[in-house]
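Here's a quick look at one model, starting with a helix pair and moving on to the ligand site.

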Amino acid sequence: MKVLFLNGPNLNLLGQREPEIYGSMKLSDIEEMVREHGQRHGVEVVFQQSNHEGELVTQVQQSVGDYDYVILNAAAYTHTSIGLKDAIVGAGVKAIEIHLTNIHARESYRQTSIIAQACIGSINGFGAGSYILGLEAAILHNKAND
Ligand code: DQA
């Protein structure tokens, strides 16, 4: 199984960006942790990050055929991007939404996810653990739908 972790705007700043909210791990630290977890379960893990909405749309479209699942932390585009939601639906991608923080316990503008309805399910609020749980969700979903 091959899984793409797609990371949206400002997640390249993890580690220095509001660490009291997003934690002290850099995206590269999370990537290493998730890649090791994947190896233990025979899953190939690839990480990508972009600050550009259109680039994320292209990555979702291009994942078809190359990846079994896309695990998506769309960051701020979660709350705004109809284009990203349409890409998941239009390309027929099996996507899982993840967030470091519990978006439902934050500002009202973060409490709506436009992409959620296009995803198999959502995990949020477990810090870097949301990435591990996202991978576990993909593994479980894959087994259940084999
Ligand atoms: C986030 C939550 C978003 O609201 C925010 O814009 C982010 C990160 C999270 O992982 O908690 O950039 O997706």
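## Helix pair

Helices α2 (residues 27-40) and α5 (residues 129-144) pack at about 30°, their axes 10 Å apart. Helices here are DSSP runs (H or I, at least four residues), numbered from the N terminus, and axes are lines fitted to C-alpha atoms over the stretch in contact, with angles from 0 to 180 degrees between N-to-C directions. On the α2 side, L27, I30, M33, V34, H37 and G38 make the contact, meeting Y131, I132, L135 and E136 of α5; contact means heavy atoms within 4.5 Å.

## Ligand site

Around the ligand sit R17, Y22, N73, A75, A76, H79, H99, L100, T101, I103, R106 and R110 (a heavy atom within 4 Å). For L100, a polar backbone atom is 2.8 Å from an oxygen atom of the ligand.

## Ground rules

The model is predicted, so local features need pLDDT of at least 70 and side-chain atom pairs 80 or more, while totals for chains, interfaces and linings use all residues. Residues are numbered from 1 along each chain as its sequence is written, and side-chain values use heavy atoms, leaving out hydrogens and water.

How values were computed:
Helices (H or I, at least four residues) and strands (E, at least two) are DSSP runs, numbered from the N terminus. A polar contact is a pair of N or O atoms within 3.5 Å; within protein, one must be able to donate a hydrogen and the other to accept it, and residues adjacent in sequence count only if both atoms are side-chain atoms.
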